[in-house]
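Try each task before you read its solution.

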Amino acid sequence: MLFGVSTPLAKLLVHDLSPWMLAGLLYLGSGIGLGLVRLLGGLTASSRRGERSIRGTEWLWLLGAVFAGGVAGPVLLMFGLTATPASTASLLLTLEGVLTALLAWFVFQEGFDRRLVAGMVAIVAGAVVLSWSGPLDIGSGWAGGWGPVVVAAACLMWAVDNNLTRKVSLADPVDIAAIKGVVAGSVNVGIATALGDGLPAVPTVAAAMLVGLLGYGVSLVLFVIALRHIGTARTGAYFSTAPFVGGIVSLVIFGEPLTAGLVTAAVLMGIGVWLHLTEDHDHEHDHNEIEHDHPHVHDEHHQHGHDGPVTEPHTHKHRHGRLRHRHAHFPDAHHGHTH
């Protein structure tokens, strides 16, 4: 919901700001706002919900995620919004979930089944209906011209970002989102300044940063928590509900017409998301031995002992022995098996 609302709000701001400057302010609002949350909540990760800090090679994954999703993605979206109706752009962003899943399945080897594939086919069909405006002629045939293509490119960058962020999702999500916001925001504002853009009026800066804090910052924190528990493809699919919120808000704010194509696309995308939300993944599976550390409680997968009392959740390095059992599950840190 938070990310869905941010798209039409960004459409309002893109007329007063260059795409580089707007993308920068959105992410700076996210990074600075979450940084303040970090300071108010305590300086150490261990003081907050048993979270742990980013470590070792996780920094490399985070750097790649910051570039793809924090620098390239937002700028492409801002350029796309200049040539695409807000309601169309909001629903077209559903492609992020599709591309996220495809990368998760075929590049990062995350498990999937026919129900998930059917859901993604429905989402893609909705995106095609949304963008197609008539018979294909050279140089025409797609609503908004090059705008939807650029929005789709932004979705691809965020799909790469999502899969790389999955690699660091066991670390503190507030740290991840704050670092991404500060770095990506600084780079984009720096580029905008180098191209001759000056800082806009204070109310415009404040509005952009507030949208960024909620739509990019808090949204990303919740997204990372979901990555940790249900995996990349499913998180991306559930996140595909965001464009429906953005589309509804766009109709209200901009008075855009409710066309048959928009309704058809929404129905197809809704069916795709429903297929994912109603999934029941239950089969007998093996757990290999593994040692890692992450926030956890003492459930069926965590039966280790402690020397003294502990709080729930808590974080420390622990080992899992081999185990074979059956239950409903998602591809989280403990269920990376093949099918």
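**Exercise 1.** How do the residues of the lining of the largest cavity divide into nonpolar, polar and charged?

*Solution.* Before we start: this is a predicted model, where local features need pLDDT of at least 70, side-chain atom pairs count only at pLDDT 80 or more, and totals for chains, interfaces and linings use all residues. Residues are numbered from 1 along each chain as its sequence is written, and side-chain values use heavy atoms, with hydrogens and water left out.

Step 1: a cavity is a set of points on a 1 Å grid over the protein atoms alone where a 1.4 Å probe fits but cannot get out, and lining residues have an atom within 4 Å of a point.

Step 2: sort the lining of the largest cavity, and you get 7 nonpolar, 3 polar and 3 charged residues.

Step 3: Phe3, Tyr27, Trp158, Leu220 and Phe239 are the closest to the centre of this cavity, out of 13 lining residues.

**Exercise 2.** Which element has the highest mean pLDDT?

*Solution.* Step 1: pLDDT is the predictor's confidence in each residue, from 0 to 100. The chain averages 81.

Step 1: H9 again, at 93.

Definitions and conventions. 1 Å grid on protein atoms, 1.4 Å probe; cavity = no way out; pocket = protein on both sides within 12 Å on 5 of 7 lines; lining within 4 Å. Nonpolar A, V, L, I, M, F, W, Y, C, P; charged D, E, K, R; others polar. Helix = DSSP H or I, 4+ residues; strand = E, 2+ residues; numbered from the N terminus.
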